[in-house]
Amino acid sequence: MADNKLTFLLKTGFNQPGITRGALMFSAISATMDVDTVLYCVQEGADIMVSGAVENEKVKKGIPTLKQRLQEAIDAGVDIQICSATAELKGIKEADLVKPARITGAATLIDLALDSDNVICWG
């Protein structure tokens, strides 16, 4: 396991796809740099973690899609967590999520922040 830990807080989704792509990209880069990386999703950030949700995004030629950036984060080993309070509010069940994303308690964000070297907020 890496010596460094970094948490990304993602609170945007389809409402701000450019910011969301950035969070996914930087979390993937962090993980490939041997940093223990968590992407904690709240509010609209949870929406893109629903299986199939990012399949039909239309972007200009040459711009990576949310699907591509999400797959990069998954392939890099980013630990993707969705806030349980957000999931409950939106009716998202763990079975609805892309693998390996998972729902964790709302207080998990506090634990992650206390345990991380840094927290970066997107959105």
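Good morning. The model is predicted, so local features need a pLDDT of at least 70 and side-chain atom pairs count only at pLDDT 80 or more, while totals for chains, interfaces and linings use all residues. Residues are numbered from 1 along each chain as its sequence is written, and side-chain values use heavy atoms, with hydrogens and water left out.

I begin with helix α2, which covers residues 66-76. Helices here are DSSP runs of H or I with at least four residues, strands are runs of E with at least two, and both are numbered from the N terminus. Which residues of α2 are buried? They are Leu66, Arg69, Leu70, Ala73 and Ile74. Seen down the axis of α2, these buried residues fall within an arc of 140°, so they line one face of the helix. The arc is that of the directions from the helix axis to the C-beta atoms. Buried means under 20% relative accessible area, exposed means over 50%, and partly exposed lies in between, using a 1.4 Å probe and protein chains only. The cover over the buried residues of α2 includes α1 and β3, the latter at 79-83. After α2 comes Gly77, whose phi is positive, near 90°.

Next, please find Thr12, in the loop between β1 (5-10) and α1. Is Thr12 buried or exposed? Thr12 is buried, with a relative accessible area of 2%. Its side chain is joined to that of Thr20 by a polar contact of 2.8 Å. A polar contact is a pair of N or O atoms within 3.5 Å; within protein, one must be able to donate a hydrogen and the other to accept it, and residues adjacent in sequence count only if both atoms are side-chain atoms. Leaving aside neighbours within four places in sequence, Thr12 is in contact (heavy atoms within 4.5 Å) with Ile19, Thr20, Glu44, Gly45, Trp122 and Gly123.

I turn now to helix α4, residues 108-115, where Leu112 lies. Leu112 is buried, at a relative accessible area of 6%. Along the chain, Leu112 and Leu6 are 106 residues apart, yet their C-alpha atoms are separated by 8.6 Å. Not counting residues up to four places away in sequence, Leu112 touches Lys5, Thr7, Val38, Tyr40 and Gln81.

How many salt bridges does the structure hold? There are six. A salt bridge is a side-chain nitrogen of Lys or Arg within 4 Å of a carboxyl oxygen of Asp or Glu. I shall describe some of them.

One pairs Lys5 with Asp115, and the closest N and O atoms are 3.0 Å apart. Lys5 lies in strand β1 and Asp115 in helix α4, so the pair ties together parts that are 110 residues apart in sequence. Lys5 counts as buried at 17% relative accessibility, whereas Asp115 is partly exposed at 49%.

Another pairs Asp47 with Lys90, with the closest N and O atoms 3.1 Å apart. Asp47 is in the loop between β2 (36-41) and α2, and Lys90 is in helix α3 (residues 84-90), so this pair ties together parts that are 43 residues apart in sequence. Asp47 is partly exposed, with a relative accessible area of 23%, and Lys90 counts as partly exposed at 34%.

A further salt bridge joins the side chains of Lys67 and Glu55, at 3.0 Å from N to O. Lys67 belongs to helix α2 and Glu55 to the loop between β2 and α2, so the parts tied together are 12 residues apart in sequence. Lys67 counts as partly exposed at 39% relative accessibility, and Glu55 counts as partly exposed at 42%.

Let us look at strand β5, residues 118-122, in which Ile120 is found. Ile120 counts as partly exposed at 33% relative accessibility. Apart from neighbours within four places in sequence, Ile120 is in contact with Leu6, Thr7, Phe8 and Leu9. Ile120 and Ile19 are 101 residues apart in sequence and 12 Å apart in space, C-alpha to C-alpha.

I close with the surface. Which residues make the nonpolar surface patch of about 300 Å²? Phe26, Ile29 and Met33 make it. Patches are made of residues with over 30% relative accessible area and no salt bridge; like charges are joined within 9 Å, and nonpolar side chains (Val, Leu, Ile, Met, Phe, Trp, Tyr) within 5 Å. Accessible areas come from the Shrake-Rupley method with a 1.4 Å probe, and for residues only the protein chains shown count as cover. Thank you.
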